[in-house]
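I opened this notebook to keep track of what I looked up, one entry at a time. My plan was to begin with a whole chain and finish with a single residue.

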Number of protein chains: 2
Amino acid sequence: MRRDTRSGLLDAAQIRLAEHGYAGTSIRDLAADVGIKESSVYKHFRSKQALLEGVLERAEERVAATAQALGVSVDDPDAAASTYATIDLGHLTAVAEGFLQMWLHDEEFVALRRLLTLEQYRTPAAGTLLRQLVVTQPLAFQSQIFARLIDAGAFRPANPEATALAFWGPVLAILTLAGEQRAEAEARRLLGIHLEHFRATHVTDAATQGEES
Amino acid sequence: MRRDTRSGLLDAAQIRLAEHGYAGTSIRDLAADVGIKESSVYKHFRSKQALLEGVLERAEERVAATAQALGVSVDDPDAAASTYATIDLGHLTAVAEGFLQMWLHDEEFVALRRLLTLEQYRTPAAGTLLRQLVVTQPLAFQSQIFARLIDAGAFRPANPEATALAFWGPVLAILTLAGEQRAEAEARRLLGIHLEHFRATHVTDAATQGEES
């Protein structure tokens, strides 16, 4: 079953690249992982670099799926804005905590994040994908949502892009701190004070009263 | 001159580790870099891992020196607070732009940042140092400064730690974006809107009027 072998090779490559980096990953080990001869690997991938590119290509699809799952896809900001029109601290907390949960505990996401981190200097496409996953995509989506909330009077007048940076920048700093230390309790504490501060500095009294009524 | 050889080996190791990672760095190449025999390397370092540890040890001192150079050392927050008592947007901009400048253009810092990034999963000490350099140290320092500015009425009442996250989190997100793409103009644009937004949401009118008079 050639297609399964190909997919198995991509799985194995993703794991080894995330664990040992490009230089520490060999075609021989990957062949052993999926139980084929080293020479058979080349029926599916021309080179180790081609295997890496296959992993990145698949990762790109998963990045898009991840954004959808977290409700931060930019496909339809208008539809999302109607959800976010009734935004409250709980809502923002859920988005940020969903990302934190995935960042720390989703094995697939952790492997992908490590792989992109390790490959970013050698393979520019990996760096682009990493930035897209953790910065560009969330910021673009949030800017659009916050623009609508500012227009609707639920948020105080402000630059929507700056508002998105004020929301997402601290979340990223907290994720960086939590990252590999598994300092999860501290991360959750900081997330709590960040979200409370963001609400106090950005959400209007009218919107807050709306929540309470 | 044994001491120069040792220091030369550390320099060469830092460059190669930043460029190729641990697995992609060989004792043989390092020996060639400094013009000694492979076996002579072992007079200075027991193993490749020992060389890495030497690089990290030296990096730790440089991280402290960097914080001093940027005026974000936590040695004496009281002394710093008197400087920051007259803080204005220009001042904050200078700190953030100093970091951006170093992040993108200081070869030594760029190599160190790459090395720590690549080593963070294999060597926990590298991850700790990376987080200290880019998150923990700046946040701890800023929390103390902002606490004093809030007490002095220059900043609006707020949680100082949340205020530090609101200042530094977006800077980190912007640095991540600028990172390897050399998207420097875009980074400076975002830094400008972030700093203006931070001033508007945190600095009191009294402090702003003080600046203007």
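The entries below follow the order in which I looked things up.

**Entry 1: the model and chain A**

I noted at the outset that this is a predicted model, and I read every value below with that in mind. Of the 213 residues in chain A, 54% are buried. I also looked at contacts in chain A between residues at least 6 apart in sequence, and 69% of these join residues at least 24 apart.

**Entry 2: helix H2 in both chains**

Which residues of helix H2 of chain A are buried? I found that Ile27(A), Leu30(A) and Ala31(A) are the buried residues of this helix, which covers residues 27-34. They lie on the same side of H2(A), because they cover an arc of only 100 degrees around the axis. I reminded myself that an α-helix has 3.6 residues a turn, so residues three or four places apart point the same way. On the other side of H2(A) I found Arg28(A) and Ala32(A), which are exposed. After H2(A) comes Gly35(A), with a positive phi near 75 degrees.

I then turned to chain B, where Ile27(B), Leu30(B) and Ala31(B) are the buried residues of H2(B). They fall within an arc of 100 degrees when seen down the axis, so they line one face of H2(B). The face turned away from that buried side carries Arg28(B) and Ala32(B), both of them exposed. Just after H2(B), I noted that Gly35(B) takes a positive phi of about 75 degrees.

**Entry 3: where the chains meet**

How many residues does each chain bring to the contact? I wrote down 36 residues from chain B and 36 residues from chain A. The area buried between the two chains is about 3,100 Å², and carbon and sulfur atoms give 71% of that area.

I next looked for charged and polar pairs across the interface of chain B and chain A, where there are 2 salt bridges and 6 residue pairs in polar contact. One of the salt bridges joins Arg189(B) to Glu161(A), with the closest N and O atoms 2.7 Å apart.

On the side of chain B that touches chain A, the elements that give two or more residues are helix H7 (107-119), helix H8 (124-151), helix H9 (160-178) and helix H10 (184-202) of chain B. The largest share of that side, 12 residues, comes from H9(B). Sorted by kind, the residues on the side of chain B that touches chain A divide into 16 nonpolar, 14 polar and 6 charged.

**Entry 4: salt bridges within the chains**

Over all chains, I found 20 salt bridges in the structure, and I followed several of them one by one. In chain A, Arg199(A) and Glu196(A) meet through their side chains in a salt bridge, at 2.7 Å from N to O. They are separated by about one helical turn, because they are 3 residues apart in helix H10 (residues 184-202) of chain A. Glu196(A) counts as partly exposed, at 37% relative accessibility.

In chain B, the side chains of Arg16(B) and Asp29(B) form a salt bridge at 3.8 Å, N to O. This pair links distant parts of the chain, since Arg16(B) sits in helix H1 (residues 2-20) and Asp29(B) in helix H2 (residues 27-34), 13 residues apart. Asp29(B) is partly exposed, at 31% relative accessibility.

**Entry 5: Thr201(A)**

With a relative accessible area of 12%, Thr201(A) is buried, because buried means under 20%. The side chain of Thr201(A) reaches the backbone oxygen of His197(A) at 2.7 Å, and it makes a polar contact with the side chain of His202(A) at 3.0 Å. Leaving aside neighbours within four places in sequence, I found Thr201(A) in contact with Arg156(A), Thr201(B) and His202(B).

Definitions and conventions
Residues numbered from 1 in each chain as written. Chains lettered and ligands numbered in written order. Predicted model: local features only at pLDDT ≥ 70, side-chain atom pairs only at ≥ 80, totals over all residues. Heavy atoms only, no water. Buried < 20%, exposed > 50% of the residue type's maximum accessible area, 1.4 Å probe, protein only. Helix = DSSP H or I, 4+ residues; strand = E, 2+ residues; numbered from the N terminus. Arc of directions from axis to C-beta. Contact = heavy atoms within 4.5 Å. Buried area = accessible area lost by both parts, 1.4 Å probe. Salt bridge = Lys/Arg side-chain N within 4 Å of Asp/Glu carboxyl O. Polar contact = N/O pair within 3.5 Å; in protein donor to acceptor, adjacent residues only side chain to side chain. Nonpolar A, V, L, I, M, F, W, Y, C, P; charged D, E, K, R; others polar.
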